[in-house]
Amino acid sequence: MYEKKYLIEVIKYLLNKESMEIEVPLPQEEIDWSVLFSLAKKHSIGHLLYLVASELPGDMQPTKEFEEKIQKQYFYATVTDRKQQAELSVLMKKMEKEHLYFLPVKGSDTKQYYPKSEWRTMGDLDVLYKDSQHKQMKETMLTLGYSDYQTGLKHDHCSKPPFLHVELHRALVAANTMAESYYDDVWEFAKPRDGYKYVYQMTLEEQYIYTMVHLLEHFKEGGIGIRFVMDVYVFCKNTKLDRDYLAKKFSALGMTEFVQNVEKLAQKWFGCGECGFSKEELLLLEELEDFIISNGTYGNRENTRAIAVEKEGRLGYVRRVVFPNYNSMKTLYPWLNGKRVLLPIAWGMRIVRTVLFRKRSLKLGLATVTSGDVQKGQELKAFYERCGIKD
């Protein structure tokens with residue numbers, strides 16, 4: 001399908017046109033704008049088509065119907081970005097005033113490296129705070145007009161409709177995952193922002209490392225979308241990155257081969273094309289790109305179910321989800337810390353809470369158990385190993 005190839009060309013043009021002599025990509029085949037728009041929207045980048053469509057010759061531009069659709073997407077993305085950026089500024093000032101440690105992460109941080117911040121959409125503002133300040137953080141967010149404050153195993157969530165959704169992380173990665181020990185004290189990788197004492201920012205290298213760690217988490221849980229690869233390319237373009245430092249850190253995390261493959265794909269898509277890659281590398285990159293493009297922004301549920309069931313078995317998956325281990329549970333219920341004997345009571349509280357207030361999560365969990373495809377999971381596991389994921 002040519003639309004897949006053209007979408008990548010569009011992104012390559014946008015990410016490079018300010019730093020390279022590059023012309024707007026002209027379609028080499030007839031474009032089905034409904035297919036192109038649907039694919040781009042699936043990856044949360046539908047709004048980017050508007051920027052290129054207006055530069056195409058008249059006979060290559062979309063119909064009036066699709067021109068209006070992509071224009072609407074772009075205006076919505078721009079308004080949302082402005083609202084999110086303004087709100088982040090409000091939050092930073094409020095957290096400083098309240099002496100709450102506060103670290104913007106993920107898209108909240110990555111946006112600054114894009115040519116324009118609205119090009120990098122995000123559904124939530126993601127921030128990290130210190131677990132010891134949970135009660136004060138909740139009270140502060142409620143005073144700022146947020147509602148529906150929910151506490152999860154790894155992060156809290158609250159909203160201020162219609163645009164603003166905030167994920168407040170108490171940990172950057174889930175308990176018992178590959179990078180848990182690396183992020184024992186993430187604050188050591190960060191320093192206060194200019195003019196602040198309590199609002200922090202990670203170093204450039206650590207921002208990129210976390211981008212890759214987060215990408216790998218999603219990859220293993222069901223896949224990633226095009227936007228993740230865009231993030232990788234934007235970081236890789238930054239000449240200030242200390243590559244020796246990154247090599248040591250990725251090696252310690254056991255991620256070297258996987259990182260190299262994702263970076264190669266980013267270069268193939270948005271950089272030099274197929275230059276310098278061997279035949280074997282291109283075969284893997286083609287497999288990787290087909291996998292990513294077939295996903296949505298965060299992979300797809302079918303992959304997630306298949307991987308979970310293949311890895312743990314149906315009963316094992318149920319056991320882990322219904323009865324998380326002590327380390328996971330004490331992040332949800334801090335009063336458990338040092339009181340492992342009370343773990344069954346916490347399990348009971350969580351089950352009741354899930355049934356009453358998190359019916360969507362319950363439904364997804366049941367779907368995983370009943371429809372997870374073991375054979376597909378085995379195929380995905382083999383593919384992951386080819387990509388450099390060994391666990």
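This report describes pockets, cavities, salt bridges, helices and aromatic pairs in a predicted model.

Because the model is predicted, local features need pLDDT of at least 70 and side-chain atom pairs count only at pLDDT 80 or more, whereas totals for chains, interfaces and linings use all residues. Residues are numbered from 1 along each chain as its sequence is written, and side-chain values use heavy atoms, with hydrogens and water left out.

**Helices**

Helices (H or I, at least four residues) and strands (E, at least two) are DSSP runs, numbered from the N terminus. The expected span of a helix is 1.5 Å times one less than its number of residues. Helix 4 has 35 residues and extends 50 Å from its first C-alpha to its last, close to the 51 Å expected. Just after helix 4, H99 adopts a positive phi of about 60 degrees. Helix 10 (residues 256-270) has 15 residues, which should span 21 Å, and its end C-alpha atoms are 21 Å apart, in agreement. Among the buried residues of helix 10 are F258, E263, K268 and W269; buried means under 20% relative accessible area, exposed over 50%, and partly exposed in between (1.4 Å probe, protein chains only).

**Pocket and cavity**

Both kinds of space are found on a 1 Å grid over the protein atoms alone: a cavity is a set of points where a 1.4 Å probe fits but cannot get out, and a pocket is an open set with protein on both sides within 12 Å along at least five of seven lines. Lining residues have an atom within 4 Å of a point. Grid points are joined across faces, edges and corners, and a volume is the space filled by probe spheres set on the points.

The second largest pocket has a volume of about 450 Å³. Its lining comprises 22 residues, of which S44, Y76, T121, M122 and G123 lie nearest the centre. Helix 4 (residues 64-98) gives the most to this lining, with 6 residues. By class, the lining of the second largest pocket has 7 nonpolar, 10 polar and 5 charged residues. In this classification Ala, Val, Leu, Ile, Met, Phe, Trp, Tyr, Cys and Pro count as nonpolar, Asp, Glu, Lys and Arg as charged, and the others, Gly among them, as polar.

The model has 3 cavities of 30 Å³ or more. The largest cavity holds about 60 Å³ of space, and its lining consists of K106, G107, T110, R120, Y210, T211, H214, F228 and D231. Helix 5 (107-110), helix 7 (204-221) and helix 8 (226-236) are the elements that give two or more residues to this lining. Helix 7 gives the most, with 3 residues. The lining of the largest cavity has 2 nonpolar, 4 polar and 3 charged residues.

**Salt bridges**

A salt bridge is a side-chain nitrogen of Lys or Arg within 4 Å of a carboxyl oxygen of Asp or Glu. The count comes to 17 salt bridges, including the following.

| Salt bridge | N to O distance |
|---|---|
| E87 and K160 | 3.2 Å |
| K94 and E98 | 3.3 Å |
| R386 and E287 | 2.4 Å |

The salt bridge of E87 with K160 links distant parts of the chain, with E87 in helix 4 and K160 in strand 4 (residues 155-160), 73 residues apart. E87 is buried at 9% relative accessible area, whereas K160 is partly exposed at 22%. K94 and E98 are 4 residues apart in helix 4, so about one helical turn separates them. For R386 and E287, whose side chains meet in a salt bridge, R386 lies in helix 16 (residues 374-387) and E287 in helix 11 (residues 279-294), so the pair ties together parts that are 99 residues apart in sequence. R386 is partly exposed at 39% relative accessibility, as is E287 at 30%.

**Aromatic pairs**

Rings of Phe, Tyr and Trp (its six-membered ring) pair if their centres lie within 6.5 Å; planes under 30 degrees apart count as stacked, over 60 as edge-to-face and the rest as tilted. The count comes to 25 aromatic pairs. The rings of Y101 and W187 have centres 5.9 Å apart and planes at 70 degrees, so this pair is edge-to-face. Y101 lies in the loop between helix 4 and strand 1 (102-105), and W187 in the loop between strand 5 (164-169) and strand 6 (190-192), 86 residues apart. Y101 is partly exposed, with a relative accessible area of 23%, whereas W187 is buried at 14%. Y182 and Y183 form an edge-to-face pair, at 4.9 Å centre to centre with 90 degrees between the planes. F219, F258, F291, F383 and Y384 form one aromatic cluster.
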